[in-house]
Amino acid sequence: MSFLKGLFGKKETPQRQLDHPSKLLKGDMISLDDSFALPPQLRGQQLRVESISTYEYQRKQLTEWALKGHGNDTIFLSLDEDDETYLAFSIKINRSIVEHIFDLDQFGTIFEEDEQAQLSTLKLPSELVSEFSQWLGKEYHQVNFAQFGYFHREDYRGKKPPQDADGATGDEFESYHLLDEDEKYAVNVEVYADGDTDVMLTLYRPLADIRDYWPGK
């Protein structure tokens with residue numbers, strides 16, 4: 001028997017096939033196209049999956065990958081799945097950046113139930129052009145108002161997030177979603193039960209923008 005073991009050797013464990021963003025796990029890496037159609041935070045970047053989270057809504061779940069490259073920016077990736085699947089890249093912006101991009105009175109109509117918010121982007125200060133111009137459409141219209149959900153800092157693909165006696169266990173939030181006319185850009189606002197508010201700029205791109213995948217160890 002030992003002779004046969006030596007002859008045939010030990011079978012190698014086949015490497016995990018990673019060929020689609022839906023298969024990404026923590027520690028995996030992707031490289032992006034170097035096209036000038038992409039903003040500098042994405043163009044030609046190699047990004048590593050730092051964490052995976054789950055948005056839980058009444059009728060669906062959405063996976064979000066937090067990616068990091070050589071810079072300080074965290075890039076959030078999710079998949080927009082309809083007739084076709086698109087990459088949805090997002091960055092978070094703080095209040096001071098929101099003030100430079102949108103008129104605050106106009107922005108406030110997002111939270112008014114009787115309004116159908118319409119946003120126009122302002123002319124960016126020169127120091128913000130390279131960082132944000134390719135994340136922005138010109139005009140946005142609201143498509144979602146106060147959609148309730150739970151945010152989980154865990155990967156729950158293929159299974160239901162846990163519940164306790166009071167129901168779901170994630171962080172409660174309400175989501176507000178706006179799209180530009182061509183549906184290439186979005187603004188997402190999440191308001192959490194403790195008052196924390198996240199504002200995200202989202203860019204929709206084809207799957208082919210991911211040029212290579214590397215499974216983590």
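Me: Leaving aside neighbours within four places in sequence, which residues is D33 in contact with?
Reply: This is a predicted model. D33 is found in the loop between β1 (29-32) and β2. With neighbours within four places in sequence set aside, the contacts of D33 are L38, L42, R43, G44, D209 and R211.

Me: Is D33 buried or exposed?
Reply: The cut-off for buried is under 20% relative accessible area. D33 has a relative accessibility of 16%, so D33 counts as buried.

Me: Is R211 buried or exposed?
Reply: Exposed means over 50% relative accessible area. R211 has a relative accessible area of 51%, so R211 is exposed.

Me: How many salt bridges does a search of the whole structure find?
Reply: Side chains of opposite charge can pair when their charged atoms come close. Among the pairs here are D155 with R157, at 2.6 Å from N to O, and D33 with R211. The search of the whole structure gives 10 salt bridges.

Me: Which residue meets the side chain of D209 in a salt bridge?
Reply: D209 counts as buried, at 5% relative accessibility. The N to O distance is 2.6 Å, and the partner is R205.

Me: What is the relative accessible area of R157?
Reply: R157 meets D155 in a salt bridge. D155 counts as partly exposed, at 26% relative accessibility. R157 is partly exposed too, with a relative accessible area of 27%.

Me: Leaving aside neighbours within four places in sequence, which residues is E154 in contact with?
Reply: E154 is found in the loop between β7 and β8 (163-164). With a relative accessible area of 46%, E154 is partly exposed. Apart from neighbours within four places in sequence, its contacts are I52, S53 and T54.

Me: What distance separates the C-alpha atoms of E154 and L122?
Reply: Along the chain, E154 and L122 are 32 residues apart. The C-alpha trace of the chain spans about 80 × 50 × 35 Å along its principal axes. The separation of the two C-alpha atoms is 37 Å.

Me: Which residues of the largest nonpolar core touch the most other members?
Reply: In soluble globular proteins, nonpolar side chains tend to be buried together. The largest nonpolar core here holds 42 residues. The largest share of this core, 4 residues, comes from β5. The members that touch the most others are F107, V187 and L201.

Me: Leaving aside neighbours within four places in sequence, which residues is F107 in contact with?
Reply: F107 belongs to the largest nonpolar core, as does V187. Apart from neighbours within four places in sequence, the contacts of F107 are V98, F102, L119, V187, V189 and V199.

Me: How many residues does the second, separate core hold?
Reply: Y55, Y57, F151 and Y192 are included in this core. F151 and Y192 are also among the residues closest to the centre of the second largest pocket. The size of the second core is 5 residues.

Me: What is the volume of the largest pocket?
Reply: The largest pocket is lined by 38 residues, with L79, D80, E81, H177 and Y204 nearest its centre. Elements that give two or more residues to this lining include β3 (61-68), β4 (74-81) and β10 (171-180). The lining divides into 13 nonpolar, 12 polar and 13 charged residues. The volume is about 1100 Å³.

Me: Which element gives the most to the lining of the second largest pocket?
Reply: The second largest pocket has a volume of about 300 Å³, and 20 residues line this pocket. The lining divides into 8 nonpolar, 3 polar and 9 charged residues. Elements that give two or more residues include β3, β10, β11 and β12. The largest contribution, 4 residues, comes from β2.

Me: What percentage of the residues of the chain count as buried?
Reply: The chain has 4 helices and 13 strands. Among contacts between residues at least 6 apart in sequence, 53% join residues at least 24 apart. Of the 217 residues of the chain, the buried share is 41%.

Methods: Residues numbered from 1 in each chain as written. Predicted model: local features only at pLDDT ≥ 70, side-chain atom pairs only at ≥ 80, totals over all residues. Heavy atoms only, no water. 1 Å grid on protein atoms, 1.4 Å probe; cavity = no way out; pocket = protein on both sides within 12 Å on 5 of 7 lines; lining within 4 Å. Points joined across faces, edges and corners; volume = space filled by probe spheres on them. Nonpolar A, V, L, I, M, F, W, Y, C, P; charged D, E, K, R; others polar. Buried < 20%, exposed > 50% of the residue type's maximum accessible area, 1.4 Å probe, protein only. Contact = heavy atoms within 4.5 Å. Core = buried A, V, L, I, M, F, W, Y, C linked by side-chain atoms within 4.5 Å. Salt bridge = Lys/Arg side-chain N within 4 Å of Asp/Glu carboxyl O.
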